[in-house]
Amino acid sequence: MTLELTDVTLTYPDGEGRLTALDAVTLAVPKGTVTAVVGPSGSGKSSLLAVAATLVTPDAGTVAVDGTATTGLSRGELTELRRRRIGIVFQQPNLLPSLTALEQLQVMAHLDGRSPAKARGRAMELLDAVGLAGQAHRRPHRLSGGQRQRVNIARALMNDPTVLLVDEPTSALDHERGAGVVDLLSGLTRRRATATVLVTHDRAHLAAADRVVEVHDGRLRFPGTP
Ligand code: ADP
Ligand code: MG
């Protein structure tokens, strides 16, 4: 299994007490598949992604990526794991205004110490894969919202992650563009064999997922199981 969360509990400080954001969550995501996560606002969806991304350490339970348990890894080792194995797509693309689409991707490889020529080739290949080969030299203000989100997705794939974590990528898009982004994600998941977790508020997108899980008050519910 490429991504495995086992019995994960996460709490946040809340006044005098603690708020339970995730309550004994167990989830396994095989490579080449999309698991969609739905649930009301505040139910714990983003917390689930943050734990899976190893950005937040749970109070209890374990996270394993590609068979590697993350418990006990140092801060530096976790950073390395994230850089090499995990792609993260947040709700807002957070592109740098002064960089072209191509440069947004090249920066990622630079951080990783790869040769500029290789990085450029890979960045162009990914822009092509997300349908933006013709927009490679545009800065964000000359891209539409949907195109920016595609750059965001391509950037997350620069280091060939095995786990792809995506948080409400379509919330700023109209329905049709949103559906395009979700179809793209599902195609990339299969072609690149990533274990993808897609948080979405739009039920119309669930058809593109291999599996749907619901989160309520930090607990996972698999539709179709009691
Ligand atoms: P969702 O993404 O489903 O809207 P979140 O995972 O963001 O839900 O939040 C789950 C719960 O945890 C909410 O009650 C939220 O207010 C709380 N929460 C999220 N992040 C923090 C934080 N950094 N500190 C304290 N409480 C938080
Ligand atoms: Mg959220």
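How many helices and strands does the protein have? In this predicted model, the protein has six helices and 10 strands. Its radius of gyration is 17 Å, close to the 17 Å that the globule rule gives for 226 residues, so the protein is as compact as a globular protein of that length. Along the principal axes, the C-alpha trace spans about 50 × 40 × 35 Å.

The next topic is the interior and the surface. Of the 226 residues, 48% count as buried. Among the contacts with a separation of 6 or more, 73% are accounted for by residues 24 or more positions apart. The protein exposes about 10800 Å², and carbon and sulfur atoms supply 51% of that area. As for charge, the protein carries 26 positive and 23 negative charges, whose mean positions are 8 Å apart.

Helix H5 covers residues 145-156, and at 1.5 Å a residue its 12 residues should span 16 Å; the end C-alpha atoms are 17 Å apart, which agrees. The buried residues of H5 include Gly146, Gln149, Val151 and Asn152, and Ile153, Ala154, Arg155 and Ala156 are also buried.

A single residue may now be considered. Lys45 is found in helix H1, which comprises residues 45-52. Because buried means under 20% relative accessible area, Lys45 counts as buried at 7% relative accessibility. Leaving aside residues up to four places away in sequence, Lys45 touches Val37, Val38, Gly39, Pro40, Glu168, Val199 and Val215. Ala133, by contrast, is 88 residues from Lys45 in sequence, and the two are 33 Å apart in space, C-alpha to C-alpha.

Terms used: Residues are numbered from 1 along each chain as its sequence is written. Chains are lettered from A and ligands numbered from 1 in the order in which they are written. This is a predicted model: local features need pLDDT of at least 70, side-chain atom pairs count only at pLDDT 80 or more; totals for chains, interfaces and linings use all residues. Side-chain values use heavy atoms; hydrogens and water are left out. Helices (H or I, at least four residues) and strands (E, at least two) are DSSP runs, numbered from the N terminus. Buried means under 20% relative accessible area, exposed over 50%, partly exposed in between (1.4 Å probe, protein chains only). Contact means heavy atoms within 4.5 Å. The expected span of a helix is 1.5 Å times one less than its number of residues. The radius of gyration is taken over C-alpha atoms; the globule rule is 2.2 Å times the number of residues to the power 0.38. Accessible areas come from the Shrake-Rupley method with a 1.4 Å probe; for residues, only the protein chains shown count as cover. Lys and Arg count as positive and Asp and Glu as negative; His and the chain ends are not counted. The place of a charge is taken as NZ of Lys, CZ of Arg, CG of Asp or CD of Glu.
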